[in-house]
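Please examine the structure first, then work through each solution in order.

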Amino acid sequence: MATPVNSPMVGKLISVDVKVGDQVKENDPVATIEAMKMYVKIYAPASGVVKEIKANAGDVVNPDTVILTLE
Amino acid sequence: MLEQLTEVINSTGLLSLTPGNLIMWAVAFGLMYLAIKKGVEPLLLVPISFGIFAANFPLTGLMEPGGLYYLFFHNGIQNELIPPLIFLGLGAMTDFGPVIANPKTLLLGAAAQLGVYAAFFTALLFGFSVAEAAVIGIIGGADGPTTIFLSANLAPHLMGAVSVAAYSYMALVPLIIPPVAKLLTTPRERAMVMKQMRPVSKGEKILFPLLASLVIILLVPKSAPLIAMFMLGNLFMESGVVQRLTDVSRNELMNIVTIFLGLGVGATMSAETFLKPQTIYIFILGVLAFAFAAAGGILIAKIMNLFTTNKVNPLIGAAGVSAVPMAARVVHQLGSEANPQNYLLMHAMGPNVAGVIGTAVAAGAFITAIH
């Protein structure tokens, strides 16, 4: 069962800080977005392996955007 | 021959320098250091500190009627022109989406004004006059242009001290809010994740500045100069059809008037008006006002939670001290420390922008009550 990691708010994706196949634990930082001129780290909602990265740095992301999925 | 030499020497400023001038230069250099080396509100503190420096040269006449800085001060600040122009620019960069999605946050922005009134009454106890106390209290609203606006109206002699206090404490928001917030909330409350905000339509965003003007200006007519310009700027931005006016309001116009505002405010800080014990009291009361404002927002948020089902994280109340968007960022940081899955930034923007309106309304209410 894949867990999607969405952007928590509207912003610009600065970087995805993990690679496909990386093992992440819950609350590890996985991506960085910029909103209100502030870099906001996005933390993994669950532990798992990064399955797919679905957004690119520079993209505008909003709460419907899946940045990556975990399995 | 000797006589001519003495005359030349006397016409230079050298012999007319007073110890007060030298102390004010030290103040100016201190603020310049903070602005340039420490990045404390440089856009304001660089012109303000240079204004202090230049206005404290003897024999220049810069601040005498007709002098250059006097013209900036008199035409831009004393007659209350520039703060509303800055509000136009602020309106053109403020997104009311978070307020529209969660109108309860308007209450939190209002609650933070408790800090203004708490500092007002404390200042009265310190022996300041009613008008002076109002100007000191408004520091707690963390809004520079509003502070200058109110002080031009009620107590021009305090303008230098209160505006420097407001701008420097704004830069200290990351140090003032966290201890207050941690004292008043439990880790569990700080960790609370809020429900995602609903999307806000373009129509709502266009109607908001009009409705807000209607309600606020009818209730507090004296807040009109600030609110009317703020809402016009917002309508420029949200209408989407006057991109050029939006851009010029928030960039060029704002930058230009900021120069005159900074110089004019700095130039009011002569040794005679600034080097008084009351200046120290103003700085002490100012930081109290900030702390009270953050506390007011948090406590009202907690009270609100007792009566509502869709609860808010009480931290966002602390963002009711305007200081946009710094206060919201600090709140986000606190929430994220308590729980990495907690993203409060956008939720905190609601009380944050509501706080700007709240402070402008509080200033209007002071003017109505005191004049």
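**Exercise 1.** In which hand of crossing does H7(B) pass H20(B)? Describe the geometry and the residues of the packing as well.

*Solution.* The model is a predicted one.

Step 1. The crossing of H7(B) past H20(B) is right-handed.

Step 2. The two elements are helix H7, residues 104–111 of chain B, and helix H20, residues 345–370 of chain B; their axes lie 7 Å apart and the packing angle is about 55°. H7(B) is therefore oblique to H20(B), since angles from 65 to 115 degrees would count as roughly perpendicular and those under 35 degrees as roughly parallel.

Step 3. On the side of H7(B), the contact involves Thr105(B), Leu106(B), Leu108(B), Gly109(B) and Ala110(B). H20(B) contributes Gly350(B), Pro351(B), Ala354(B), Gly355(B), Ile357(B) and Gly358(B).

**Exercise 2.** Determine the strand order of the open four-stranded sheet in chain A, and identify its edges.

*Solution.* Step 1. The order is S1-S8-S6-S3 in chain A, and the pairing is antiparallel.

Step 1. Strand S1 (3–6) and strand S3 (23–24) of chain A form the edges. Each has a single partner strand, so one side of each lacks a neighbour in the sheet.

Step 2. Val24(A) is found opposite Gly48(A) in S6(A).

**Exercise 3.** How many bridges join S2(A) to S4(A), and how many pair S4(A) with S5(A)?

*Solution.* Step 1. Strand S2 (residues 11–16) and strand S4 (residues 29–35) of chain A run antiparallel and are joined by four bridges. Val16(A) has Ala31(A) in S4(A) as its bridge partner.

Step 1. Between S4(A) and strand S5 (residues 38–43) of chain A there are six bridges, again in the antiparallel sense. Here Ile33(A) is partnered by Val40(A) in S5(A).

Step 2. S4(A) and S5(A) form a hairpin with two residues between the strands, where Met36(A) adopts a positive phi near 50°.

**Exercise 4.** Which feature does UniProt place at residues 1–71 of chain A, and what is the secondary structure over this range?

*Solution.* Step 1. An unreviewed UniProt entry gives the feature "domain: Lipoyl-binding" for residues 1–71 of chain A.

Step 1. Residues 1–71 of chain A are 0% helix and 54% strand, and the C-alpha atoms at the ends are 6 Å apart.

Terms used
Residues are numbered from 1 along each chain as its sequence is written. Chains are lettered from A and ligands numbered from 1 in the order in which they are written. This is a predicted model: local features need pLDDT of at least 70, side-chain atom pairs count only at pLDDT 80 or more; totals for chains, interfaces and linings use all residues. Axes are lines fitted to C-alpha atoms, for helices over the stretch in contact, and angles run from 0 to 180 degrees between N-to-C directions. Angles under 35 degrees count as roughly parallel, over 145 as roughly antiparallel, 65 to 115 as roughly perpendicular and the rest as oblique. A crossing is left-handed if the near helix is turned anticlockwise from the far one by less than a right angle, and right-handed if clockwise. Two residues are in contact if their C-beta atoms, placed from the backbone, lie within 7 Å. Two strands pair if DSSP finds at least two bridges between them. UniProt positions are given in the numbering used here, feature names are shortened, and annotations may be inferred rather than shown by experiment.
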